[in-house]
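The exercises below are meant to be worked with the sequence and the 3D view side by side. Try each task before reading the solution that follows it.

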Amino acid sequence: MTPPHISDTPMPKVLLTTVDNVFNWARKSSLWFLTFGIACCAIELISVNMSRYDLERFGVIPRATPRQADVMIIAGNINKKMVEVTQVLYEQMADPKWVIAMGACAVSGGVFQEGYNVVKGADKVVPVDIYIPGCHPRPEALMHGFMKLQEKIESESLKDRRMTLADRRIEIAKHV
Amino acid sequence: MSDMDLNKAAEELATRFQGSVATTADGKFNVTVPSESMTEVAEVVRNEMNFDLLHDVSGLDHPDSIEIVYHLYRTSDHNALVLRASVSRDGGSIATVTPVWVTANWHERETAELYGVEFIGHPDPRKLLLADDFPGFPLRKDWSHDDIDSYLLSDA
């Protein structure tokens with residue numbers, strides 16, 4: 001795969017581009033996600049990794065530890081006890097990191113929204129980049145979500161200050 | 001044992017413990033017993049009537065009481081029996097049946113956390129699924145959702 005926007009200069013063997021372009025190209029091309037299937041959406045998550053959909057051709061592969069992961073896919077409801085677990089896992093991931101809220105439960109609480117123990121959306125707990133609606137979303141929808149995440153990464157810049165969980169907590173506190 | 005015999009056994013059980021018998025639409029005998037005699041009732045039902053499987057312990061929220069319902073099964077002839085006992089909504093308690101049916105352990109823990117009933121003598125009276133500091137008893141009809149968001153995200 002060729003990095004985008006590389007200028008061909010008269011000088012041989014020299015390529016000119018921006019740091020942002022190179023970094024973003026590298027980041028979006030190897031989105032390793034955390035194996036973190038907390039509900040039934042994880043079935044689609046498994047499916048999308050298998051040979052029929054083969055997410056690996058986009059550089060998206062599952063990692064079993066948050067230390068090696070770039071993307072957290074929240075594939076289900078978050079309840080009281082999962083709040084802390086989710087945040088610890090999120091903080092264990094190295095920057096830069098992104099979060100995909102997969103399915104109605106992670107987006108808003110879904111059909112369990114009225115439950116006594118259900119957090120109404122993963123964005124109350126960690127900063128979410130991409131929301132994928134559906135119950136569950138089809139594998140194509142998850143792939144589309146990854147494409148959208150790649151677009152988002154392309155538009156980022158190294159100059160941007162990343163939102164920390166502490167910032168996020170302040171934002172959440174405003175809503176509660 | 002035929003249905004008739006089971007009916008007789010249920011009637012006997014009710015008479016012995018000053019309870020009552022009702023039959024549900026699916027033909028199950030429901031024996032309501034006083035909550036104070038739950039330990040003895042459980043032993044009689046397990047050892048004399050041979051109901052060896054406890055499917056479930058559930059709760060019902062009535063306006064003036066919490067009803068604990070024990071769903072029992074006899075594997076020898078595939079008959080079912082339901083035991084019911086009412087306790088107070090206000091700090092109600094009932095003896096545990098865990099020594100009689102080991103499976104009651106988690107069922108009672110769940111019933112306790114959801115309905116606010118104490119099972120006296122339970123070997124492990126912690127909450128089962130809910131967080132330790134969960135406010136109130138969520139399956140009671142008067143439990144309110146209103147402040148739950150701030151609780152759920154209290155340390156988020």
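Two residues are in contact if their C-beta atoms, placed from the backbone, lie within 7 Å. With that in hand, note before starting that this is a predicted model.

**Exercise 1. Describe the overall make-up of chain B.**

Solution. Begin by counting elements: chain B has four helices and seven strands, and along the sequence they follow the pattern α-β-β-α-β-β-β-β-α-β-α. Next consider the extent of the chain, whose C-alpha trace spans about 60 × 30 × 25 Å along its principal axes. Finally, look at burial and contacts: of the 156 residues in chain B, 31% are buried, and among the contacts between residues at least 6 apart in sequence, 45% join residues at least 24 apart.

**Exercise 2. Determine which residues of helix α2 of chain B are buried, and what covers them.**

Solution. First, go through residues 38-48, which make up α2(B), and pick out the buried ones, namely M38(B), V41(B), A42(B) and V45(B). Second, look down the axis of the helix: the buried residues fall within an arc of 100°, so they line one face of α2(B). Last, step past the end of the helix to N50(B), which follows α2(B) and has a positive phi, near 65°.

**Exercise 3. Work out the faces and the partners of strand β2 of chain B.**

Solution. Start with the faces of β2(B), residues 29-32: F29(B) and V31(B) are on the covered face, whereas N30(B) and T32(B) are on the uncovered one. In a regular strand the side chains alternate between the two faces of the sheet. Now take the partners in turn. Strand β1(B), residues 20-23, is joined to β2(B) by four bridges and runs antiparallel to it, with V21(B) standing opposite V31(B). Between the two strands of this hairpin there are five residues, and G27(B) in the hairpin takes a positive phi near 80°. The other partner to find is β5(B), which pairs with β2(B) in the parallel sense over four bridges; here N30(B) stands opposite V82(B).

**Exercise 4. Trace the five-stranded sheet of chain A and name its edge strands.**

Solution. Follow the strands across the sheet in the order β4-β3-β5-β6-β7 of chain A, where the sheet is open and the pairing is parallel. The edges are then β4 (62-63) and β7 (130-132) of chain A, each of which pairs on one side only. To check one pairing in detail, take β3(A), residues 33-34, which two bridges join to β4(A), and note that the bridge partner of F33(A) is P62(A).

**Exercise 5. Describe how helices α1 and α5 of chain A pack.**

Solution. Compare the axes of α1(A), residues 19-29, and α5(A), residues 139-154, which lie 9 Å apart at an angle of about 160°. Angles over 145 degrees count as roughly antiparallel, and therefore α1(A) is roughly antiparallel to α5(A). The crossing of the two helices is right-handed. To finish, identify the residues that meet: N24(A), R27(A) and K28(A) from α1(A), and Q150(A), I153(A) and E154(A) from α5(A).

Conventions. Residues numbered from 1 in each chain as written. Chains lettered and ligands numbered in written order. Predicted model: local features only at pLDDT ≥ 70, side-chain atom pairs only at ≥ 80, totals over all residues. Buried ≥ 20, exposed ≤ 12 C-beta atoms within 10 Å, placed from the backbone. Arc of directions from axis to C-beta. Pairing = 2+ DSSP bridges. Axes fitted to C-alpha atoms, helices over the stretch in contact; angles between N-to-C directions. Parallel < 35°, antiparallel > 145°, perpendicular 65-115°, else oblique. Left-handed = near helix turned anticlockwise from the far one by under 90°.
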